[in-house]
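Hi everyone, thanks for making time this morning. Let me put the sequence and the structure up on the screen, and then we can walk through a few spots together.

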Amino acid sequence: MPGSIVVGTQWGDEGKGRVVDIVAKECAHVVRYQGGHNAGHTLVVDNEVFKLQLVPSGILYDHVVPIIGNGVVVDPYVLLNEIETLTAKGVDCQRLMLSPQAHLVLPYHQILDELAESQLGDNKLDTTKRGIGPAYADKASRVGIRVEDLLDPTHLRARLHSALAERNVILRDIHGHKGVDPDQLAEELIQDIAPRVAPYIGDTVGHLHEALHAGQRVLFEGAQATFLDLDHGTYPFVTSSNPVAGYALVGAGIGPGAIDQVIGIAKAYLTRVGAGPFVTELDDAVGEHLVDVGQEYGTNTGRRRRVGWFDAVMARQAVRLNACTEIALTKLDVLDELETIKVCVAYDVEGERYEYLPHLRRMHDKAVPVYAEFPGWQQDLSEATDRKDLPREAIEYISFLERQMGVPIRFVCVGPGREQYLRFAA
Ligand code: GDP
Ligand code: IMO
Ligand code: MG
């Protein structure tokens, strides 16, 4: 049963969307399995830029059925808007299929996210303020509203009343907000949203199982990344879902036997948007250079990303956590002009050397990076299409990262465009 997973191995924005766009060419289905519109996945095709938040990155191929799985939290306003934007660009979105079990992100989730962040003050998590945390919290508390609730007005009203009974107390008494009227929101959803979302709702689990049994390749598209994972990331500076590959099974409704490929996506350096630890962070001119050349600004929030050297300790941990079978290395071209390139090969924590992430977060916080240094290639790689086009220094850098991670690098991306990548033979 042929299933492939694309998963971020860092803190997000590794280029998952563009790798999905490459791999989807040979797939029948592309499934988002977690996260919501906190994601921003960029595809550049014939100089046209597509920034996707909820719609799976396979949408640009006519042969792909894009599926939003049960593990995703869906803001229906954002989804409809995205469909409208894509349709206006000539992309057919009729094939999109949405799980009835996916939970909705509603306006009160976004309000709660914003208020919780301002309440935290200096300790804020720097969330995307999209309402993702509160929506997943409601799901776990069993007061969430699901996509299928849109199909039953009486049930939807009742569910909104019970969800908002407690949420409104929090909004009014803790945050001094006027609260959200459940009847008004229900009417808006019933009149305006439900009729437009209904055509996309389908039996995603049944559909995926039939496809897998028929031997069709299904690609599972992770959002966020391993170190934003609620369990395995740099808690509490994480998102509220599980981006790791294992969750693709839960978030789409399939079993482990369906997966035969896990592609870990790694940027040739490291970025993070939002607060939290960052062992290899650069606050110098090299960092500025990487932000400039890599255009390291959030795809959907526009925030400047923090940058640092490639962290092989994190990468090795990510290979373990996701059982990566291979790596796609992105943005190698961003390093083109550097004289020297560093890679963190281990952490020094109070004199002890760690090659995987220390098992206690407080040790992680004390980690000092141990670096290996490489001469840069100082040459434009953006036109390279084959391994033989790469200078020796670039090949050495790639080979070193490959040895550090212990799995083969199968794709090397040298520009944002659909064709700007090299495939390394197995
Ligand atoms: P995602 O969230 O993992 O899908 O990544 P984003 O789309 O948020 O961020 C990746 C950014 O890098 C986007 O602007 C891409 O167009 C761009 N990008 C992806 N791969 C490459 C590459 O190999 N080189 C360069 N220069 N840009 C790339
Ligand atoms: P893609 O899929 C990078 C970060 C936020 C914040 C933390 C929690 O494009 O890689 P949240 O709004 O999820 O509660 O915020 O997670 N974050 C991302 N960073 N890429 C993303 O998605 C992210 N989605 C969330 O900046 O630090
Ligand atoms: Mg992104």
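Let's start with a question: which residues does S241 touch, not counting residues up to four places away in sequence? Keep in mind as we go that this is a predicted model. The answer is Q34, G35, Y136, Q224, L228, D229 and L230. With Q34, S241 also makes a side-chain polar contact of 3.0 Å. If you want to find S241 on the screen, look in the loop between β9 (218-221) and α8 (246-252). S241 has a relative accessible area of 3%, under the 20% cut-off, so it counts as buried.

Now over to the metal. The magnesium ion, ligand 3, is coordinated by D13 through OD and by G40 through O, at 2.0 to 2.2 Å. These two come from distant parts of the chain, 27 residues apart: D13 is in the loop between β1 (3-8) and α1 (16-23), and G40 is in the loop between β2 (29-32) and β3 (41-45). G40 is buried at 12% relative accessibility, whereas D13 is partly exposed at 22%.

Last stop, β1. Six of its six residues are buried, so the strand is largely enclosed by the rest of the structure. G3, I5 and V7 point one way, and S4, V6 and G8 point the other way. And who are the neighbours? β1 pairs in the parallel sense with β10 (residues 259-267) over six bridges, with I5 opposite V262. β1 also pairs in the parallel sense with β9, over four bridges, and there S4 has L219 as its bridge partner.

How values were computed: Residues are numbered from 1 along each chain as its sequence is written. Chains are lettered from A and ligands numbered from 1 in the order in which they are written. This is a predicted model: local features need pLDDT of at least 70, side-chain atom pairs count only at pLDDT 80 or more; totals for chains, interfaces and linings use all residues. Side-chain values use heavy atoms; hydrogens and water are left out. Donors are N, O and S atoms within 2.8 Å of the metal (3.2 Å for Na, K and Ca); water is not among the atoms, so sites may look incomplete. Buried means under 20% relative accessible area, exposed over 50%, partly exposed in between (1.4 Å probe, protein chains only). A polar contact is a pair of N or O atoms within 3.5 Å; within protein, one must be able to donate a hydrogen and the other to accept it, and residues adjacent in sequence count only if both atoms are side-chain atoms. Contact means heavy atoms within 4.5 Å. Two strands pair if DSSP finds at least two bridges between them.
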